[in-house]
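Subject: Structure handover

Hello,

Here is the structure for your work. Please look it over first; the notes on what was found in it follow below.

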Amino acid sequence: MSVLSGKKVLLGVTAGIAAYKTASLVRLFIKSGAEVMVVMTPASKDFVTPLTLSTLSKNPVHSTFYEKEDENELWNNHVDLGLWADIMLIAPATANTLSKMTNGICDNLLLATYLSAKCPIYFAPAMDLDMYQHPSTKKSLQSLQNFGNILIPATSGELASGLVGEGRMAEPADIVSFIENDILFKLPLRGKKILITAGPTYEAIDPVRFIGNHSSGKMGFELAKTAANLGAEVFLVSGPSYQKVTHSFIHRIDVKSAQQMYDACHTYYKTVDIAILSAAVADYRPKNIATQKIKKKDTALVIELEPTKDILKSLGQIKTTQFLVGFALETNNEVENAKAKIVKKKLDLIVLNSLQDKGAGFATDTNKITIIDANFKQKVFALKSKKEVSVDIMNEILSRVL
């Protein structure tokens with residue numbers, strides 16, 4: 001899956017013949033997993049229809065500051081559009097639009113949105129040979145890059161005028177690839193490997209029954225997605241979970257028992273830079289597993305349990321350069337218990353959550369955490385979605401490993 005997966009892409013289309021290529025561009029962004037909205041200059045509609053781009057993007061296309069619907073006039077809020085986007089791309093970017101962008105001229109919705117955008121802005125020039133070589137165009141290109149915008153260079157080829165030379169807009173596939181590579185190069189965890197555990201473990205009693213817990217794996221899966229979106233190669237060791245993830249940077253390793261999770265973690269641990277053990281691993285397992293289903297009787301059933309291997313502690317004992325993060329789910333004396341785990345298991349960070357906090361714990365979409373480092377410095381976070389919590393955790397890790 002592309003690094004564009006889940007990104008919100010705002011495509012600005014201006015009035016050049018290369019606008020016909022934007023249909024392919026929208027399709028490629030959608031195929032990469034991005035959500036796309038399109039803003040067009042009024043004149044660009046002479047080259048490609050809003051209906052085409054709306055159908056492909058599955059979103060309304062905007063080109064004016066307001067639209068009439070029945071008796072009502074609807075305002076297209078350029079500020080909202082600019083803030084919505086994770087990425088803005090102006091393609092094709094004509095000489096006219098480049099000049100207006102450079103000088104802050106704001107005479108259409110696209111330019112107003114450009115001036116409001118807070119996200120990275122890419123632009124792909126498209127014009128005839130002499131226009132592209134003109135000193136005013138060169139000045140615009142340089143000024144826009146000085147502003148922090150990112151140029152996707154025009155290529156050489158046959159132009160609409162019949163001339164052959166520089167000024168042809170980059171092909172849609174090359175534009176998408178350029179943006180993907182640019183994002184990837186700038187990601188803070190590019191080249192790093194991370195081990196993450198998630199979900200429960202199931203310890204068999206017989207072929208039918210097991211000892212388990214209520215962990216859904218949501219927290220671990222959100223951590224995996226956040227780490228992958230930061231450029232890391234993630235080894236996600238998951239116990240039984242209904243959670244799904246599709247990302248080319250994430251390798252999912254499914255296990256059931258604590259022993260299987262132990263073995264998988266030790267397989268990957270020596271090669272990773274960071275390990276985050278968020279799984280709810282069973283502390284005990286049946287000493288003897290029945291080979292046949294245990295029949296129900298009127299008398300009490302006694303099952304002898306033995307401890308499972310402490311995965312987190314075992315990794316702490318062989319730690320070399322890895323940054324090791326553990327989780328602690330407590331019901332009482334939470335902070336002191338978490339601090340004791342840091343020392344006992346040689347952790348760099350521990351993420352503490354308490355079942356006493358409403359909205360935290362197993363099978364919820366939210367969590368409330370306290371992060372404690374090896375020096376016992378604490379940072380308390382408010383109740384948030386597990387996606388937001390995963391970002392907080394990764395930010396704390398980044399602040400210490402980069």
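**Strand S11 and its partners**

Strand S11 (residues 193–198) pairs with strand S14 (residues 233–238) in the parallel sense, over six bridges. Two strands count as paired here if DSSP finds at least two bridges between them. Helices (H or I, at least four residues) and strands (E, at least two) are DSSP runs, numbered from the N terminus.

This is a predicted model, in which local features need pLDDT of at least 70 and side-chain atom pairs count only at pLDDT 80 or more, while totals for chains, interfaces and linings use all residues. Residues are numbered from 1 along each chain as its sequence is written, and side-chain values use heavy atoms, with hydrogens and water left out.

Five of the six residues of S11 are buried. Buried means under 20% relative accessible area, exposed over 50% and partly exposed in between (1.4 Å probe, protein chains only).

**The six-strand sheet**

An open sheet has the strand order S3-S2-S1-S6-S7-S8, with parallel pairing. Strand S3 (61–62) and strand S8 (150–151) are at its edges; each has a single partner strand, so one side of each lacks a neighbour in the sheet. S1 is largely enclosed by the rest of the structure, because five of its six residues are buried. S1 pairs with S2 over six parallel bridges, with Gly12 opposite Val39. S1 also pairs with S6 in the parallel sense, over four bridges; Val9 has Ile87 in S6 as its bridge partner.

**Helix H1**

Which residues of helix H1 (residues 22–31) are buried? They are Thr22, Ala23, Leu25, Val26 and Phe29. These residues lie on the same side of H1, because they cover an arc of only 160° around the axis (the arc is that of the directions from the helix axis to the C-beta atoms). Arg27 and Lys31, on the other side of H1, are exposed. The buried residues of H1 pack against strand S1 (8–13), strand S2 (35–40), helix H2 (50–57), strand S6 (87–93) and helix H8 (172–186). Just after H1, Gly33 has a positive phi of about 100°.

**Thr308**

Thr308 is in the loop between strand S18 (305–307) and helix H11 (311–317). Its relative accessibility is 13%, so Thr308 counts as buried. The Thr308 side chain reaches the backbone oxygen of Ala282 at 2.6 Å. Apart from neighbours within four places in sequence, Thr308 is in contact (heavy atoms within 4.5 Å) with Ala258, Ala282, Asp283, Tyr284 and Arg285.

**The largest pocket**

The largest pocket has a volume of about 890 Å³. It is lined by 37 residues, of which Ala279, Ala280, Val281, Phe327 and Leu329 are the closest to its centre. S11, helix H9 (218–229), H11, strand S19 (323–330) and helix H12 (334–345) each supply at least two residues of the lining. On a 1 Å grid over the protein atoms alone, a pocket is an open set of points where a 1.4 Å probe fits, with protein on both sides within 12 Å along at least five of seven lines; lining residues have an atom within 4 Å of a point. Grid points are joined across faces, edges and corners, and a volume is the space filled by probe spheres set on the points.

Regards

Note on methods: Polar contact = N/O pair within 3.5 Å; in protein donor to acceptor, adjacent residues only side chain to side chain.
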